Amino acid sequence: MSATMVMAGKATAARTAAPTVAPVDLPTARKYLIFAVMAFGQFMALIDIQIVAASLNDVQAGLSAGPEEISWVQTGYLMAELVMIPFSAFLAQALSTRWLFALSAGLFTLASALCGAAWDIDSMIAFRVIQGFVGGAMIPTVFATGFALFSGPQRAMIPAILGMVSVLAPTLGPTVGGWLTDAFGWRSIFYVNIVPGVAVTLASIALIRVDRPDLSMLKRIDYAHLGAMAVFLGGLEYVLEEGPRYDWFGDPSIATAGWISFVAFLLFLERSFNSNGPVVKLTPFRNPTFVFACVFNLVIGFGLYSATYLIPVFLGRVRDYNSLQIGTTVFVTGIAQIFSVVVAARLSQRIDPRWMITAGLSLFAASLWFTSDLTPEWGFAAFVLPQVLRGFAIMLCIVPSVNLALGGFALAELRHASGLFNLMRNLGGAVGIAVVNTWLQDYTRIQVARMGESLGEAGRHAPDMIAELAGRFGQVTTDAAHSLLLAQGELARVVSRYALTTSFNEVFRQMAWLFVVALVMVPFCRPAASAAPATVETH
């Protein structure tokens, strides 16, 4: 592999010198300002998911909602966002990047205000669906625009900065959400978007001039294609979100949703190949490098979102940490990401991207393996090393995968490639959280059964332990029966705690092996050949 990778490294430098996407002809300061506005809009959309997730219990209490109802506050948002991400490429061409991004930011802000004013759980879910749908356009649009604005070393920073935004938002979200809820109440987690949202909307209208609209595309839209995509992706997200909770396809509603989603997927493929006005073009998948980059992004999304999800769950369920303590512990990952941005950007200009992604996947696997040595006493200090390692590895994974995915397309296809590529990461995250939840439940049941068998085999020790605990509780209460119940409950709690910790370890090991398997694909990935430069009309 080494000889071909060295040669590809030289090809990488050549591609940098002759970019496949002609940069927009604007003053450099204006380009940076446009990119900063769009990157901040992306950050606002991404961090909102985790801010709300950290405060769902307070939202549930405030709206008098049930556990099943409150889950739709997140599920509805994610379903709608997943539909918009690939659809945004069509809308960017039809409306122009300027008006799509401004509308996305403006409607996201309005939906945030409506969520804050929600009067019951039904209105909250409806507004969250709107918020997820309109906000989803900002994520892939900023990737495509960043590649269109810059060239050379400046372009190398785009995936690094946007990668940092993509992973820093989930890291900061629980801390910000917990603090806002404690200080100002749960409605503040939505109202906090209003001022920055208005600013991004006005700045987008005033600054973004990178292409012209083609409103005639709106007359040619294939609504069957759009509907099939919406049902397919929405149904898939529903199955992944609700599956671990309701025994997957053993539940009639999940089985029905799965079949409907599968049929919609077949219709989506048929319209993708035969429609005269498809809303999503699958032509980027003709490029083998793009396919490999999407698979890498799927694995990265799996590991990134799953690890970001699992560690707070461990700290909350095993260590009984509150939101602020959890946020302080996981913040270490974000600091490591910031330091690794410049390193990853510089390396992307000097070495073959496959060397980078090999190092990134290896370090990510190592960080997950180190985390698989959890004990019930693990806290901030114990998590520092694996989290720093993971934070540094993320940038080494994301930067080369973005360059591999988007570096070989002219502007016409770049938008579609960006939408599909970002969809893969979100799908990886959805699949990852569903899978690790299932693993965690299954392993916990197995571990509890094994520990129960062990206690049964060592029958002479368990009664002695219960008697000792009952004696301690007897110093507090004179009711012997109550002391015995307390002792049995404490033993059950200890067993459950250790079984859950062991289950977390098993899940982290499985995730580590997934990244090791992904390494096998690296030698087969060939950097994309240069495409013809694209011309961009500004107005």
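This is a predicted model: local features need pLDDT of at least 70, side-chain atom pairs count only at pLDDT 80 or more; totals for chains, interfaces and linings use all residues.
Me: Let's start with a cysteine: is Cys-294 buried or exposed?
Reply: Residues are numbered from 1 along each chain as its sequence is written, and side-chain values use heavy atoms, with hydrogens and water left out. Buried means under 20% relative accessible area, exposed over 50% and partly exposed in between (1.4 Å probe, protein chains only). Cys-294 has 3% relative accessibility, so this residue is buried.

Me: And Cys-397, buried or exposed?
Reply: The relative accessibility of Cys-397 is 0%. Therefore Cys-397 also counts as buried.

Me: How many disulfides are there?
Reply: A disulfide is a pair of cysteine sulfur atoms within 2.5 Å. Under that rule, the number of disulfides is zero.

Me: How far apart are the end C-alpha atoms of helix α16?
Reply: Helix α16 covers residues 380-406, which is 27 residues. The expected span is 1.5 Å times one less than the number of residues, so α16 should span 39 Å. This agrees with the distance between its end C-alpha atoms, 38 Å.

Me: Is α13 roughly parallel or antiparallel to α16?
Reply: The axes of α13 (residues 288-317) and α16 come within 9 Å and cross at roughly 155 degrees. Angles under 35 degrees count as roughly parallel, over 145 as roughly antiparallel, 65 to 115 as roughly perpendicular and the rest as oblique. So α13 and α16 are roughly antiparallel.

Conventions: Helices (H or I, at least four residues) and strands (E, at least two) are DSSP runs, numbered from the N terminus. Axes are lines fitted to C-alpha atoms, for helices over the stretch in contact, and angles run from 0 to 180 degrees between N-to-C directions.
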